[in-house]
Amino acid sequence: MRVDPTDRTGTKFVGDLAESWTISPPTGAPTRSRSVRVSSSTTAGVMTAKDVKASYDHIIFPPANVVSSRKATYQAVESVEAPAPDTIVFRLKHPEASFMANLAQPWNWIYKAETLAKDPNWYKTHVMGTGPFKFVEYVRGSHWVGKKNPDYWDKGKPYLDGFRAIFIPSASAQVAANPRRGAP
């Protein structure tokens, strides 16, 4: 899910990988997701509800020696279930007005269940995703490179073949590098 980019209030939620969802009183929210491919430098394959469950369990009920800065955000969650490959169910202890908004935040990354089972801290040094770009290179203090993901689920996107993000820590160097400097 994500916040609807056309909604100026930031309170409307739309499907991203989630194709549909229902709120089942009092405590369930089953979600059906699209079939998407996951890619990283070490892992590829189809993302399933098993991966979503493992990732949210990692956030909500982190294993020993793993710190989850978002655990408190999901205190209302009693359990996360994956009854089918394309269905995820969040069972809540009580109704929670912010729950849908929390699910729509962009920092709820999904990792392969097998990867998290092998190394609960894998994500600290690796990149994985179903997004519009595939990771190519990261050079600390210099740049980050991504290339177009041909398996991206939203056909026709991204519009770019790739990107190169350059890190410039110096404020004066940032101003000098800005091609629009001096523009109104």
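Colleague: What should I keep in mind about where the numbers come from?

Modeller: This is a predicted model, so local features need pLDDT of at least 70 and side-chain atom pairs count only at pLDDT 80 or more, while totals for chains, interfaces and linings use all residues. Residues are numbered from 1 along each chain as its sequence is written, and side-chain values use heavy atoms, with hydrogens and water left out.

Colleague: Good. How many aromatic pairs are there?

Modeller: The count comes to eleven aromatic pairs. Rings of Phe, Tyr and Trp (its six-membered ring) pair if their centres lie within 6.5 Å; planes under 30 degrees apart are stacked, over 60 edge-to-face, and the rest tilted. Tyr74 and Phe99 are edge-to-face, because their ring centres are 6.4 Å apart and their planes stand at 85°. That pair links distant parts of the chain, 25 residues apart: Tyr74 is in the loop between α1 and β7 (77-84), and Phe99 is in helix α2 (residues 99-103). Helices (H or I, at least four residues) and strands (E, at least two) are DSSP runs, numbered from the N terminus.

Colleague: Are Tyr74 and Phe99 buried or exposed?

Modeller: Both Tyr74 and Phe99 are buried. Back to Phe163: this ring makes an edge-to-face pair with Phe133, at 5.1 Å centre to centre and 85° between the planes. Here too distant parts of the chain are linked, with Phe133 in strand β10 and Phe163 in strand β12, 30 residues apart. Phe133 has 26% relative accessibility, so Phe133 counts as partly exposed.

Colleague: Which residues do ring pairs link into a cluster?

Modeller: Tyr56, Tyr74, Phe90 and Phe99.

Colleague: New topic, the strands. How do β10 and β11 pair?

Modeller: Strand β10 (residues 133-139) and strand β11 (residues 143-148) are antiparallel, with six bridges. Two strands pair if DSSP finds at least two bridges between them. One reference point is Glu137, whose bridge partner in β11 is Val145. The two strands form a hairpin with three residues between them, and Gly141 in the turn has a positive phi of about 80°.

Colleague: And which strand pairs with β11 over five bridges?

Modeller: Strand β12 (residues 162-166), again in the antiparallel sense. There, Lys147 has Gly162 as its bridge partner in β12.

Colleague: What joins Lys157 and Pro158?

Modeller: A cis peptide bond, with omega about 0°. Pro158 belongs to the loop between β11 and β12. Lys155 is in the loop between β11 and β12 too, and Lys155 is exposed, with a relative accessible area of 63%.

Colleague: Which residue has a positive phi although it is not a glycine?

Modeller: Asn65, at about 70°. As background, most residues other than glycine have a negative phi, and most peptide bonds are trans. Asn65 is found in the loop between α1 and β7 and is exposed, with a relative accessible area of 76%.

Colleague: Let's turn to α1. How many of its residues are buried?

Modeller: Ten of the twelve, so α1 is mostly covered; among the buried ones are Asp51, Tyr56, Asp57 and His58. The end C-alpha atoms of α1 are 16 Å apart, which agrees with the 16 Å its twelve residues should span at 1.5 Å a residue. The expected span is 1.5 Å times one less than the number of residues.

Colleague: Last one: what volume does the second largest pocket have?

Modeller: About 260 Å³. Of the 15 residues lining this pocket, the closest to its centre are His58, Arg70, Trp109, Tyr111 and Tyr123. On a 1 Å grid over the protein atoms alone, a pocket is an open set of points where a 1.4 Å probe fits, with protein on both sides within 12 Å along at least five of seven lines, and lining residues have an atom within 4 Å of a point. Grid points are joined across faces, edges and corners, and the volume is the space filled by probe spheres set on the points.

Colleague: Which element gives the most to that lining?

Modeller: Helix α1 (residues 49-60), with three residues.

How values were computed: Buried means under 20% relative accessible area, exposed over 50%, partly exposed in between (1.4 Å probe, protein chains only).
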